[in-house]
Amino acid sequence: SDAVRLRLRSVGDEGVRLLLWQEVHPTIHGGAESWVRDTAAGLRLVGHQVAWLQSDQIQQALRTFRPDVVILGTLHCFVGLTPVIWLADQRVPAIWFLHDYWPFCGPRMLMKDFNRSDQSCEAVERLCRPSCGGGVGAVGFVNRFHVATGCEGAAAIMRRHGLNVRSVVEEGIDTDLFRPGTEPRESGPVVYASAAGEDRWKGIHVLRQAVAGTGIEVRFLTGLSRPALAESLRNAAVYVFPSVYQEIWGLALTEAMASGCAVVASDVAGARAQVHDGLGQLVPAGDAAALRAEIEYLLEFPSVARSLGEAAREHVEREHSLEAIGRRWERGCAGVLA
C-alpha cells in the first residue's frame with residue numbers, strides 16, 4: 001500500500017488528479033449516482049484531487065482540469081459514444097469501470113427476452129449466440145481502455161466474451177451515514193427490500209411469491225433521500241436482496257450490511273462477493289421456496305439475525321468504507337500510471 005501511494009504521489013505533491021466521468025439517467029437515480037459520489041469522496045479522503053463530469057464535454061474537462069487519470073463509469077445511453085471514441089484516441093490514461101454487461105449484452109443484463117424474463121440467457125455460463133440480437137459489437141472498442149469491473153464473478157463472464165478485464169475494484173459506501181442505530185430493531189414478521197419498480201430482473205416478484213400467505217410484511221424502500229434511507233435501514237432487522245440476474249455489485253445490499261441488517265440475498269455474482277463467511281444467507285436466484293425458508297428462519301431466531309448483522313457491519317466497515325474504496329482505486333490507478 002505504501003509503495004502504491006508513493007508511485008501515485010510522484011505524479012504531484014497534492015496527489016493524483018482524477019476525473020470521474022459518469023452519465024446520469026434523466027429520471028432514474030440509483031447505484032450509478034451513488035458510485036460516483038462515494039468513489040469521489042473516498043479518493044479525496046486518501047489525498048487525491050477529484051472532479052466529476054456528467055455530460056459529453058470531455059474535451060473541455062481535459063483542458064480545464066488536466067487529469068492524470070480518467071475513470072469512466074457507465075457511459076453508453078445518454079452521453080453517447082462519440083466523446084468516448086475521442087477519449088480513446090488521446091494519451092490520457094483511462095479506466096473504464098463496467099457497472100453492467102453492456103459491451104456484449106446490450107440492455108438485457110444477461111436475461112432472456114430482453115429484460116422481460118427472469119431466466120438467465122446463455123451468456124451466464126457460456127458464450128452468447130450471435131442470433132440473440134443483444135450484442136452491440138463494442139468489445140474491441142472497450143478493450144482500448146483499461147477495463148475494470150466490480151467483482152470476480154462478473155469479470156469471468158466478461159472475459160469469456162472477449163473483454164480484457166484487467167482490474168476488479170469492489171465498491172463501498174459511506175459507513176458513517178449507513179450505520180446501526182441505537183434503538184431496538186423492527187420486531188415481528190417484517191422484512192425490508194429496495195425497489196425502484198417491478199423490473200423482473202430485480203426479483204421483486206420472487207420476494208412477493210416467497211412471502212405470499214405467510215403473514216410476513218415487506219417494506220419497500222423506494223424514492224427516499226439518502227439520509228431517510230439510512231434511517232430506515234437502522235430499524236431493519238432482516239433485509240432481502242432477491243435479484244435474479246448476475247448483478248455486478250449491489251450497493252443497496254452493502255448499505256443494508258453496513259446498517260447491521262441480517263441479509264438474505266440471491267446467489268448471483270455481486271452478492272456472492274459481498275455475502276460470504278457468515279455475513280448473511282445466500283439462496284438460489286429465483287427460488288421462492290428457498291427464499292421463504294431463510295426469511296422465516298431469521299425471523300424465528302432473532303439472535304442469529306443479530307449476529308449476522310453485527311458480522312456484516314464489521315466487514316463492511318473494514319473492507320468497504322470510503323477510505324477502503326479510495327485505497328482500492330489507488331491501486332487501480334497505479335496500474336495505469338506505471
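A residue counts as partly exposed when its relative accessible area lies between the buried limit, under 20%, and the exposed limit, over 50%. Arg-272 is partly exposed, at 38%. The model is predicted.

**Salt bridges**

Side chains of opposite charge can pair when their charged atoms come close. A search of the whole structure finds 16 salt bridges.

| Pair | N to O distance |
|---|---|
| Lys-202 and Glu-247 | 2.9 Å |
| Asp-267 and Arg-272 | 2.7 Å |
| Glu-323 and Arg-327 | 3.2 Å |

**Lys-202 and Glu-247**

Lys-202 forms a salt bridge with Glu-247. Lys-202 sits in the loop between strand S7 (190-194) and helix H8 (204-211). Glu-247 sits in the loop between strand S9 (238-241) and helix H10 (251-258). The pair therefore ties together parts that are 45 residues apart in sequence. Lys-202 is partly exposed, with a relative accessible area of 32%. Glu-247 is buried, at 8%.

**Asp-267 and Arg-272**

These two side chains meet in a salt bridge. Asp-267 is partly exposed at 33% relative accessibility.

**Glu-323 and Arg-327**

Both residues lie in helix H14 (residues 322-337). Glu-323 and Arg-327 are four residues apart there, so about one helical turn separates them. Glu-323 is partly exposed, with 38% relative accessibility. Arg-327 is partly exposed as well, at 24%.

**A network**

Some salt bridges share partners. Such bridges join Arg-37, Asp-38, Arg-226 and Glu-255 into one network.

Terms used
Residues numbered from 1 in each chain as written. Predicted model: local features only at pLDDT ≥ 70, side-chain atom pairs only at ≥ 80, totals over all residues. Heavy atoms only, no water. Salt bridge = Lys/Arg side-chain N within 4 Å of Asp/Glu carboxyl O. Helix = DSSP H or I, 4+ residues; strand = E, 2+ residues; numbered from the N terminus. Buried < 20%, exposed > 50% of the residue type's maximum accessible area, 1.4 Å probe, protein only.
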